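Open the model in your viewer and keep the sequence panel beside it. The stops below say what to select next and what is there.

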Amino acid sequence: MSIRDQQYTRYEGPLVERFAWWTIAWISLRTYWRFWRTKLVVLGSWLIPLIFGVLIVGEYAMRSQLGQMGAAEAPGRGPVVVFLQFEVFALALVYVANGCGIISDDLRHRTVQLYFSKPISRFDYAFGKFLCLFMLGALTAIVPAILLSGLRVAFFASTEYAGQVAALHAVGVVMAVGLVAVMSAMVVGLSSLTSRTGYAVLGWLGALIVPLILHAIFGSVSGGHAAAALFSLTGNLTLLGQAMLEGGPDFPETVPMWAPFVVTLGLGGAGIAALGHRVSRLEGIA
């Protein structure tokens with residue numbers, strides 16, 4: 001094969017070695033965003049906040065009518081929790097489309113050594129990959145949560161419930177951030193377990209669907225015991241909403257209040273542990 005000029009120009013400028021994790025995260029996100037399936041799935045996921053936005057406008061119109069009759073009640077936590085539960089499935093689809101291969105693709109194509117040919121650390125690589133998924137999840141869940149919170153707070157700004165609604169949605173946004181962080185950690189952990197992205201996708205779907213089935217079975221067998229919710233991510237979101245929103249008066253007495261926190265943090269921690277184990281065992285890396 002003939003050798004010809006590839007128009008390659010060596011970079012002679014200054015090299016910035018700080019914040020390499022941000023460079024990895026940004027480049028990975030830009031790579032994903034070039035795919036049409038990423039744009040389509042993320043934009044499709046925004047149908048959920050769009051529907052909730054219409055419902056918020058309808059809620060405001062209905063409350064205006066009830067307010068004139070003196071029958072309007074204080075807004076509850078229901079919309080916040082239900083929105084986050086829908087976002088679980090939206091995030092699941094986004095990560096199936098792009099995300100499950102965040103580490104496994106590097107392992108399969110043996111591009112890990114290419115990353116570490118640059119002056120980066122194992123932490124830079126691991127945190128950059130996690131941050132890429134977190135930003136992708138933020139576009140799906142956190143940004144819509146902030147916009148919907150602002151819309152609902154604006155509608156209630158002139159009412160006696162303004163402070164209550166603002167506090168409710170502030171906690172809701174914090175829960176959205178936590179949800180994206182936990183699901184991102186789960187995906188990056190599953191992806192680091194295998195070099196085959198298909199296996200990571202199957203593992204990710206199984207990690208969401210199997211607990212939902214167990215939730216339904218245990219709930220049916222136990223006659224609707226509240227502890228059944230601990231099996232699934234959506235069930236834990238319901239319990240977390242009961243614990244964190246409105247002071248937790250509706251939290252079931254049969255379940256320890258710390259239980260959903262431990263389960264949710266455990267899921268995220270397992271993902272981070274799997275990622276750390278994989279990165280620490282990478283071969284040929286200084």
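Start by selecting V182, which is found in helix α8; helices (H or I, at least four residues) and strands (E, at least two) are DSSP runs, numbered from the N terminus. V182 counts as buried at 9% relative accessibility, where buried means under 20% relative accessible area, exposed over 50% and partly exposed in between (1.4 Å probe, protein chains only). Show the neighbours of V182: leaving out residues up to four places away in sequence, V182 touches T264, L267 and G268, a contact being heavy atoms within 4.5 Å. Then draw a distance from V182 to F134: the two are 48 residues apart in sequence and 9.1 Å apart in space, C-alpha to C-alpha.

Before the next stop, some notes on what is on screen. This is a predicted model, in which local features need pLDDT of at least 70 and side-chain atom pairs count only at pLDDT 80 or more, while totals for chains, interfaces and linings use all residues. Residues are numbered from 1 along each chain as its sequence is written, and side-chain values use heavy atoms, with hydrogens and water left out.

**The whole chain**

Zoom out and colour by secondary structure. The chain comes to eleven helices and zero strands, so a cartoon view shows helices numbered from the N terminus as DSSP runs. Of the 286 residues in the chain, 43% are buried. Among contacts with a separation of 6 or more, 78% are between residues 24 or more positions apart.

**Helix α9**

Select residues 197-221, which form helix α9. The helix has 25 residues and reaches 36 Å from its first C-alpha to its last, close to the 36 Å expected at 1.5 Å a residue; the expected span is 1.5 Å times one less than the number of residues. Look along the helix to G206, where α9 bends by about 25 degrees; the bend at a residue is the angle between axes fitted to the seven residues ending there and the seven starting there.

Which residues of α9 are buried? They are T197, A200, V201, W204, L208, P211 and G219.

Pick V201 out of α9. V201 counts as buried, at 18% relative accessibility. Leaving aside neighbours within four places in sequence, V201 is in contact with V96 and C100. Y95 is 106 residues from V201 in sequence, yet their C-alpha atoms are 8.5 Å apart.

Just after α9, select G223, which takes a positive phi of about 75 degrees.

Now select α4. Its end C-alpha atoms are 29 Å apart, which agrees with the 28 Å that its 20 residues should span at 1.5 Å a residue. Just after α4 comes G99, with a positive phi of about 150 degrees.

Move on to R110, in the loop between α5 and α6 (112-115). Most residues other than glycine have a negative phi. R110 is not a glycine, but has a positive phi of about 55 degrees. Is R110 buried or exposed? R110 is exposed, with a relative accessible area of 69%.

**Helix α10**

Select N236, which lies in helix α10. At 1% relative accessibility, N236 counts as buried. Not counting residues up to four places away in sequence, N236 touches A229, L230, F231, P260, V263 and T264.

A243 also lies in helix α10. A243 is buried, with a relative accessible area of 14%. Draw a distance from A243 to F261: their C-alpha atoms are separated by 9.6 Å, and the two are 18 residues apart along the chain.

**Where α7 meets α11**

For the last stop, select α7 (residues 122-155) and α11 (residues 259-280), whose axes come within 10 Å and cross at roughly 140 degrees. Axes are lines fitted to C-alpha atoms, for helices over the stretch in contact, and angles run from 0 to 180 degrees between N-to-C directions.

Show side chains for R122, Y125, A126 and F130 in α7, which meet I272, L275, V279 and S280 in α11. The residues of this contact divide into six nonpolar, one polar and one charged. Here Ala, Val, Leu, Ile, Met, Phe, Trp, Tyr, Cys and Pro count as nonpolar, Asp, Glu, Lys and Arg as charged, and the others, Gly among them, as polar.
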